[in-house]
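Please keep the sequence and the structure open while reading.

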Amino acid sequence: MLEVNDDLNKGLFKNSPFKYKGEKYYYMDGNIVDSSFITPSDSLVTEITNLLYKLFDYKLYPTAVVLQYIKETKKHNSYNLAITAIEYLLNERNDSVNYVRIVLPILTSIYRECGKSQAAIEQGEKFLSLSYKYKSAALLTSLAAAYCDIENYIKAKQLANEAWAISGFSPELSSVFQRIKANTEK
């Protein structure tokens, strides 16, 4: 059903043509377009990207490419593939604190989007207990939102305040504070 050429693994499909169900498509800068360079429906894009991402062997590439793969899979709602790649990065290539700080908030965000707030909390707290170096405003904000999801507003507020102290205002953090306020002031 999906026909790709040998260039598939070069640069995360950059401008690579392929065929799906007899139609020609291109993967161009993270987007799928048809032969007329028009973006197909969201459902078709998700279907195609899931198939393409399964074929791409990110383990053969530097961590920066794995990170790009993670961002692309998340962008196209290929959550299981993104989680698998993040877990690979965290388990096999966790020598860079910077990359861990980047992927942890992505992982917790994906878990939350999948309705797995408790898993988000467990992963985030696990890494925070290993080292303070993994702490970032983005991770604390995501964890605060996850605590809101499970209605632990005391812990959510503590983490949100800590995120605020690190970076100040962000739209995501503001949203968390609004959730906390809406659910604790009655």
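Buried means under 20% relative accessible area, and exposed means over 50%. The model is predicted. His76 has 8% relative accessibility, so His76 counts as buried. His76 lies in the loop between H2 and helix H3 (79-92). Leaving aside its neighbours within four places in sequence, His76 is in contact with Gly30, Val45, Thr46, Thr49 and Tyr53.

Thr49 counts as buried because its relative accessibility is 0%. Beyond the neighbours within four places in sequence, Thr49 is in contact with Ile32, His76 and Ser78.

The surrounding chain can now be described. The chain has eight helices and four strands. Read from the N terminus on, the order of the elements is β-β-β-β-α-α-α-α-α-α-α-α. Taken along the principal axes, the C-alpha atoms fill a box of roughly 60 × 40 × 25 Å. Of the 186 residues in the chain, 44% are buried. Among the contacts with a separation of 6 or more, 52% are between residues 24 or more positions apart.

Which residues touch the most other members of the largest nonpolar core? They are Phe18, Ile32, Ile86 and Leu90, in a core of 54 residues. Leu90, with its neighbours within four places in sequence left aside, is in contact with Val100, Val103, Leu104, Leu107 and Phe127.

Aromatic rings come next. The count comes to ten aromatic pairs. In one of them, Tyr26 and Phe37 are stacked, with 5.3 Å from centre to centre and 15° between the planes. This pair links distant parts of the chain, since Tyr26 is in strand S3 (residues 23-28) and Phe37 is in the loop between strand S4 (31-34) and helix H1 (42-55), eleven residues apart.

Tyr53 and Tyr69 form an edge-to-face pair, with 5.7 Å from centre to centre and 80° between the planes. This pair also links distant parts of the chain: Tyr53 belongs to helix H1 and Tyr69 to helix H2 (residues 63-75), 16 residues apart. Both Tyr53 and Tyr69 are buried. Tyr53 is also one of the contacts of His76. Tyr53 and Tyr69 belong to one aromatic cluster, together with Tyr27, Phe56, Tyr58, Tyr61 and Tyr88.

The pocket is lined by 16 residues, and the closest to its centre are Arg112, Ala138, Thr141, Ser142 and Glu172. Which elements give two or more residues to the lining? They are helix H4 (97-113), helix H6 (137-149) and helix H8 (171-184). H6 gives the most, with five residues. By class, the lining has six nonpolar, six polar and four charged residues.

Key
Residues numbered from 1 in each chain as written. Predicted model: local features only at pLDDT ≥ 70, side-chain atom pairs only at ≥ 80, totals over all residues. Heavy atoms only, no water. Phe/Tyr/Trp six-rings, centres within 6.5 Å; stacked < 30°, edge-to-face > 60°. Buried < 20%, exposed > 50% of the residue type's maximum accessible area, 1.4 Å probe, protein only. Contact = heavy atoms within 4.5 Å. Core = buried A, V, L, I, M, F, W, Y, C linked by side-chain atoms within 4.5 Å. 1 Å grid on protein atoms, 1.4 Å probe; cavity = no way out; pocket = protein on both sides within 12 Å on 5 of 7 lines; lining within 4 Å. Nonpolar A, V, L, I, M, F, W, Y, C, P; charged D, E, K, R; others polar.
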